[in-house]
Amino acid sequence: MNADPSLSEVGRVVPRAPVRRLNTDNPESASGTPRSGSKPICKHCGAPLLDARMVEAGFCCAGCSYVYRIVHEQGLAGYYRIKDEITTPADAAVFQPRDYAWLETAQRAEECRAESPNPADRGAKAVPNRRGSATPPYRSAVPELTLDLQGVSCAGCVWLIERLFQQQAGARQIVANAQLGTVRLRWVRGEFSAAGFARALQGFGYLVGPLGEKRGEPESRALAKRIGLCAAFAMNVGLFTFPVYFGMTRDFEYARLFGLLSLAFGTLSLLVGGEYFIGRAVRALRLGAMHIDLPIGLGIAGAYAGSLYGWLAGEERLVYFDFVSGFILLMLIGRWAQVAAVERNQRRLLAMQPERPRVMTDDAGEVAPEALRVGQDFALAPGRMNPVEAQLGAAAANFSLASINGEAEPRVFGSGARVPAGAVNVGHAAERLTARQTWSEAVLAQLLQAPERAGARDGLIERIVRGYIIGILGVASLAGLGWWIGTGEALRTGAVVTAVLVVSCPCAVALAFPLADEMATVALRRRGVFVREGDLWTKLGRVRQIVFDKTGTLTLETPVLQNPEALRGLEPDARAALHALVRANPHPVSQALLENLLAEGASEPLAGEVREEVGYGVELGRWSLGRTGWRVKSAGITCNVLYYKRVAGGATVLACEGRAVAEFHFADTVRMDARAEVAALRRRGFAVQILSGDRREKVAALADELGLPAECALGELTPQEKAAWFAGERGEQSLMLGDGANDSLAFDRALCRGTPVIHRGLLEQKADFYYLGRGIGGIRALFEVDAVRRRTQRVILVFSIVYNLLAVGLAVAGRMNPLVAAILMPVNSLATLAIVTGGMRRVFAQRAEPAAS
């Protein structure tokens, strides 16, 4: 077994393929080094490095350092030659324990299914095979599972996942689908471990989950099919229409056939592509909304109806089938670009509902929280969340309340104490509790609810659509009336009305606006901000106030090791002991030590059973990790280790036979750019507020550190009090940023929602966007990109008004014909696209810059 194993799960390591050490002196071997540029970036994910310590290490976090190291050591450095320039950082999920019991159960069920013969084949006769021997009428199928996959973002990710699968015993076939965010596995029964593969993926920053119910054909794929068909239809319409523009007369032998084929392919374009917009417009009208698809549907329907009449009447000047098919194709392409950008960000997350905590009972085994009865005893495993208010058994235990009140430090609960719902067991062993309420009464049940929320209506778009409809229909009606009174010619009048409807192209709102949204979404992805909901852009303009949770949002999830040199100086035996002491402990400090240990290159953990003394520390043989006065004395030092209060001078002490070997100092650390970014947001005119369940004095200290007035920071709030704060206008003008279950109710009240955490399966499913990395600069980037998007859309709108005045003026004057319309439409579309591209170019021209303090 290697001396430097890879993480497979907390508490266990597995051997890796032969190690190939990274030669940092050879530039070609360090294929993950940053590309040339003025700003230092992370070697693994490409994120900007925010301080000198990061620049010195070359990584934005311990997760990226760890993944970068094991990628090279396993001979998979080719990943860095294939991957996108900027990818998702390897966050704390790489190190944190995850329960894969569900996956083991799913594998067993699938293998049982594969072994069971098809009942329809029973009694069938044997069939001779190629060798002449008899083949059984049925045989066992190959077991197969399809799972959701989080973290896959590019071809490099797919390549890496496939190579990791090939290293697993019993692996047969894998299909990783980056577009759908799924992975399909096939394996040999009895040899392959799906849970083991999942843990291996987790060590590289990828998470798997049960296939979500929302999976199915994504809208972007359905649109791509429509685009393919409509492109073929449009080319065929052009093929049979262009001869008319080049002089084909009506008495030409095939003129009528060409016209019939143009009608046929134009009708197919209407049925395949036009139906998408017309149907959506009709559904929106039924709900009382003016949707962006309304002018598109009106233009398509009007142009097709006029063209159909012209074809039946034999009037070429009324026939615009080439315009109809080309316009439908352009609108579909614009809509696909917008939808695909948002779907790509959605697929980066597991399609799962928030997981309800399960517990172990004496009589029924592992059960869902709904099955618990008042007075029923149950066991809560390490790292598991308590589902209901319960009474602790005979032994004292450590629980973290961060998920329900934001309090960073775990608490010691004495024997018989009431443990609230949502508390997490951060001890080393399972704890016995007695339920004192049912799941329906628990506050955690409220926090995990995911109420449906209607999409926001875009007031600007509705005003544009309303003005367009009234203006175009009014102009068409008046022009028709004027021509009818002036000439009395029905065909001439019909030609003018049709021309007005055809050339009044709504490309600005139908093509350019969605394209600007798509480019803004892509630009934000390059800055580590991922838009999940398309209506976010609609809501951002109404935001006047930004509300932060404290723990995990303005501060980092886990405490930060202040003296990493103490870890680097440990002898191999001390590193092995420390690895064993912290690897299976969900306590925040233990997790922080594990992150740094693995990032530096962990030794094989020391064998043996780790014992815990609640409130003091953990020990393994002659090694201990605990507060001074327990297993080690250290004069003049105030130490409080895994169960500690973060005070000046506090330390975490590793000891051997009562002798201190190393001290590790930790601090709850504000995100490095928080002060500068909060100041930048306030300069942009946003009010900034902190809502936290943590103690008032800690919240006040944080506000002072960030330069916020004391009245802008509220502490000791319950989840219900946080939600109540958003009542009235506050909720309609607020962007809420949070990371835990205690923020869930407030999320439901806020106008916009964002989260920096995506591995818990709760707030990320409610959020309009999520942002990754060690800073909060993505919030400012969100508003900067939106400002550029809005300016670009205003320019597009002005151009569209000028174009329509010109084109509609020609149509009203009777100077428009199918040839001129066929020229104007692509010219208008190309000009609109050029404006969008030019206007949005600045958001791609530079990386996110740190805010000035």
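Predicted model: local features only at pLDDT ≥ 70, side-chain atom pairs only at ≥ 80, totals over all residues.

Me: How far apart are the closest N and O atoms in the salt bridge of Glu784 with Arg780?
Reply: Arg780 is buried, since its relative accessibility is 10%, whereas Glu784 is partly exposed, with a relative accessible area of 25%. The two residues form a salt bridge, and the distance between their closest N and O atoms is 2.8 Å.

Me: Which helix holds both Glu73 and Arg69, and is Glu73 buried or exposed?
Reply: The side chains of Glu73 and Arg69 meet in a salt bridge, with 3.2 Å from N to O. Arg69 counts as buried at 13% relative accessibility, and Glu73, at 3% relative accessibility, counts as buried. The two residues lie 4 residues apart, about one turn of the helix, and the helix that holds both of them is α2 (residues 62-73).

Me: How many residues apart are Glu716 and Arg696?
Reply: The side chains of Glu716 and Arg696 meet in a salt bridge of 2.8 Å, N to O. This pair links distant parts of the chain, with Glu716 in the loop between β28 (713-714) and α23 (719-725) and Arg696 in helix α22 (residues 696-706). Glu716 is partly exposed, with a relative accessible area of 37%, while Arg696 is exposed at 51%.

Me: How many salt bridges does a search of the whole structure find?
Reply: Apart from pairs, salt bridges can also be described as a network, and one such network links Glu219, Arg280, Asp293 and Arg335. When the whole structure is searched, the number of salt bridges found is 29.

Me: How many disulfides does the structure hold?
Reply: A disulfide is a covalent bond between the sulfur atoms of two cysteines. For a pair to count, the two sulfur atoms have to be within 2.5 Å of each other. The number of disulfides that the structure holds is 0.

Me: Which cysteine has the sulfur nearest to that of Cys61?
Reply: Cys61 is in no disulfide, and this residue is buried, with a relative accessible area of 13%. The nearest cysteine sulfur is 3.7 Å away, and it belongs to Cys64.

Me: Which residues form a positive surface patch, and where does Arg791 lie?
Reply: Arg791 has its place in helix α27 (residues 777-812). At 38% relative accessibility, Arg791 counts as partly exposed, because that value falls between the limits of 20% and 50%. The residues that form the positive surface patch are Arg684, Arg791, Arg794 and Arg842.

Me: About how much accessible area do Phe252, Tyr254, Leu257 and Leu260 have together?
Reply: One of these residues, Leu260, lies in helix α8 (residues 255-286), and Leu260 is partly exposed, with a relative accessible area of 42%. Phe252, Tyr254, Leu257 and Leu260 form a nonpolar patch on the surface, and their accessible area together is about 370 Å².

Me: How many of the 11 residues of helix α19 are buried?
Reply: Helix α19 spans residues 572-582 and is mostly covered. The buried residues in α19 include Ala574, Arg575, His579 and Val582. Of the 11 residues in this helix, the number that are buried is 9.

Me: What distance separates the C-alpha atoms of Ala337 and Leu515?
Reply: Ala337 lies in helix α10 (residues 321-347), where Ala337 counts as buried at 12% relative accessibility. Although Ala337 and Leu515 are 178 residues apart along the chain, the separation of their C-alpha atoms is 6.6 Å.

Me: What distance separates the C-alpha atoms of Gly838 and Thr792?
Reply: Gly838 lies in helix α28 (residues 818-840), and Gly838 is partly exposed, with a relative accessible area of 31%. Gly838 and Thr792 are 46 residues apart along the chain, and their C-alpha atoms are separated by 8.6 Å.

Key: Residues numbered from 1 in each chain as written. Heavy atoms only, no water. Patch = residues over 30% accessible without salt bridge, like charges linked within 9 Å, V, L, I, M, F, W, Y side chains within 5 Å. Areas by Shrake-Rupley, 256 points an atom, 1.4 Å probe, with all protein chains shown as cover. Salt bridge = Lys/Arg side-chain N within 4 Å of Asp/Glu carboxyl O. Lys, Arg positive; Asp, Glu negative; His and termini not counted. Charge placed at Lys NZ, Arg CZ, Asp CG, Glu CD. Buried < 20%, exposed > 50% of the residue type's maximum accessible area, 1.4 Å probe, protein only.
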